[in-house]
Number of protein chains: 2
Amino acid sequence: MSAPGISTRAARMVGEPSHLVEAHTTAVADPFDPQRNPQGYVNLGTAENELVSDLLLPRLRAAREVVASDTHYGSLHGTDEFRSAVADLLTSHAGRPVDGSRLVAMSGTSAVLDALAYALCEEGEAVVVPAPFYGGFDVDFTARARARLVPAPLSSGDGFALSARAVTDAVEQARAAGTTVPAVALISPHNPTGRVYAADALREVVDATRALGVHLVVDEIYARSVFGDVVFTSALSFEDEHVHVVWGFAKDFALSGYKVGLLHTRHDDVLAAVTAQAYLSPVSNDVQRTLVGLLGDARWVADFTAESARRLAVSHALVVDRLAELGVETAGAQAGVFAWIDLRAQLTEQTWAAERALWSKLFDDAHINIAAGELFHGDEPGWFRITHAADPVHVTEALDRLGRVLAHDE
Amino acid sequence: MSAPGISTRAARMVGEPSHLVEAHTTAVADPFDPQRNPQGYVNLGTAENELVSDLLLPRLRAAREVVASDTHYGSLHGTDEFRSAVADLLTSHAGRPVDGSRLVAMSGTSAVLDALAYALCEEGEAVVVPAPFYGGFDVDFTARARARLVPAPLSSGDGFALSARAVTDAVEQARAAGTTVPAVALISPHNPTGRVYAADALREVVDATRALGVHLVVDEIYARSVFGDVVFTSALSFEDEHVHVVWGFAKDFALSGYKVGLLHTRHDDVLAAVTAQAYLSPVSNDVQRTLVGLLGDARWVADFTAESARRLAVSHALVVDRLAELGVETAGAQAGVFAWIDLRAQLTEQTWAAERALWSKLFDDAHINIAAGELFHGDEPGWFRITHAADPVHVTEALDRLGRVLAHDE
């Protein structure tokens, strides 16, 4: 007798692998190395900051102040000490004091977004997201929590500026079609463009979502990775109960492997609902202890953040300048670890099929892993996201290969 | 305008707090200390091993071999290196080689059980569990995954011996009542009795579940905490695809605060379904690195395990002997960190209400936190679970207080 099978809900989840994750897996299994594997994949499809290991590793390798209570059960949504330390950090860019008791820690921002989707939506209900947007949201909001994502298209014509009008229109259209929309989600600074939203535009979205009676989730995972000459406004500066802010250590501390995300909310029921789920996705006390140690040195944090931003500006400029030589423009990032590049002119036609064909040429033939725009749910084929915060030898190699592909196409 | 509310599914989850967790929270907020807080709560309600910190802390505090890749994204269901190290460890008690590629790591065994419940059951379907059983299963299987638990009562008359007959009867009765039962779950060694199952009894349950066409989940979180003169048989020794084994570092390495659980399965679809969910509940690379370091020293692991078992035997004997002086018997633990004690004679009547009254007297008046049997879904009121693997000063204080409560009742 064969073994019993799995549930339909699990089968549905398994049947929906993330394309971003798959490409990442393939690329990292055969990585480019200038000497040992010169034909290997140059992986610039993953949004990571690889420029600051030299600043981090000495701290992470050092002996730690582990105490016995760290080895035992504690508050499963984050220790008071850890949440207080993160609150102090967020205060430094929030524009007003952040209260650690309004924070919930979970094992990664994906876990936080999944918990929020579960908390805000019934199965099948919709979250409106200005598009293009980070393709990982497809997993975070839908894979297990079974919310649906509805893009609110932004326009390349005005540099993908955030538009409260676009958000309101998308919510109203979805409602007119009979879909319940309990929430809107933003990524700020924006992934994939790296743009920092104007304070007024952000305020208009806060006001619009309040008027619409929907929650607003703001993913600020790049809040402290702003390198452009621009002022970042955190949604933490709004006192509204319907605004829920997500932050984590993956990008701003270049600790994607440490899997630590946090929610800040002033909404008691949302706080309780995500806290309950943190039981199933907690952060190790050990990791919290390590991060409390890092955050406890305010001078180091300030220096690290400034130096990281300086290096991001340099790596971004390298990509933009080299692309300009190839005649390729970008959306003009001001934050984050990537550039959103415009290869529309390289498509044989303005379709997703043509974009896929170009991506395959880059991935399969040139072994460059960059993220195809289709994964970001925009409405214009031909945009790609390339991570610049990587070894400049790798970035240069990728751009050289890209140059050869584009030259060959002409 | 007031902020929008939360989903009904989240509200349902928030509305079901764990009694075990609540009592723990109250007790740890006002802890007994012989000098500073002699009236505080003695917390023996939480299943932790507090006897081995001296062996662990020097290792955990030491400098670590963190490498740059640890800080970056990796395999979200556990690195190959970590799963291989755990496979080697499990091999040492499994009775046959364990393959790391059949393991999935998640942030705690609760996360693994939640993922299994999601993978094996549709919402509302039932998992049969020999009772009494660990009350935390109520959260793990039902809180978010929304499976139901159906007890298969074991009998105090034969020392709560595992019975394939009881399991089969419970499955068949549930089916007769129209309930779909995709799985049976065991805890082995048993929580709350601390009994080690006879190999034959375990094999009979494996055979019975195969015949019934249901999955068998075996939670072996105390596999390496056997101190009695008895042979533990791991379900890893069965090669059946329908058998899924859960293990973690919380008990056997006294690292409940590190939140690391693992699934072993030979079932490809179950492996894929839990791997997909590990994306939302991953273990930090940092924690994996630390544990690879611990496990890499096989001599230390062997010594630690032997010394831990020796100390558990001593702490168990202290409780059993002191209880005997009070005229109280136990189920005779052979493993784990607790004793299952028989206070049936102390109840005013053989009801759950009377058990609750006794628990309240112990908790509210005597400030002893032990776990009431009702939470374990048995069918006989009057049993309580007391953790012995704690500071002997605390254990002695609790037993003195218990003695006074019992004397006062007579």
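Student: Leaving aside neighbours within four places in sequence, which residues is B:L402 in contact with?
Tutor: This is a predicted model, in which local features need pLDDT of at least 70 and side-chain atom pairs pLDDT 80 or more, while totals for chains, interfaces and linings use all residues. Side-chain values use heavy atoms without hydrogens and water, residues are numbered from 1 along each chain as its sequence is written, and chains are lettered from A and ligands numbered from 1 in the order in which they are written. Contact means heavy atoms within 4.5 Å. With neighbours within four places set aside, the partners of B:L402 are B:L323, B:L326, B:I341, B:L343, B:L362 and B:I368.

Student: Is B:L402 buried or exposed?
Tutor: B:L402 is found in helix 13 (residues 392–409) of chain B; helices (H or I, at least four residues) and strands (E, at least two) are DSSP runs numbered from the N terminus. Buried means under 20% relative accessible area, exposed over 50%, and partly exposed in between, using a 1.4 Å probe and protein chains only. The relative accessible area of B:L402 is 3%, so B:L402 is buried.

Student: How far apart in space are B:L402 and B:L323?
Tutor: In sequence, 79 residues separate B:L402 from B:L323. From C-alpha to C-alpha, the distance is 9.2 Å.

Student: In the open sheet of chain B, in what order do the strands lie?
Tutor: Two strands pair if DSSP finds at least two bridges between them. The pairing in this sheet of 7 strands is mixed. Strand 2 (103–106) and strand 4 (148–153) of chain B each have a single partner strand, so they stand at the edges. The order is 2-8-7-6-5-3-4.

Student: Which residue in strand 8 of chain B is the bridge partner of B:L103?
Tutor: Strand 2 and strand 8 (residues 261–265) of chain B pair in the antiparallel sense over 4 bridges. The partner of B:L103 in strand 8 of chain B is B:H264.

Student: By what turn can chain B be laid on chain A?
Tutor: Two copies of a chain are related by a rotation about an axis and a shift along it. Copies are superposed by least squares on the C-alpha atoms of residues with pLDDT of at least 70 in both. Here the RMSD is 0.0 Å and the shift along the axis 0.0 Å, with a turn of 180°.

Student: Which residue of chain B comes closest to the rotation axis?
Tutor: The two copies are related as by a two-fold rotation axis. At 2.0 Å from this axis by C-alpha, the closest residue of chain B is B:A63.
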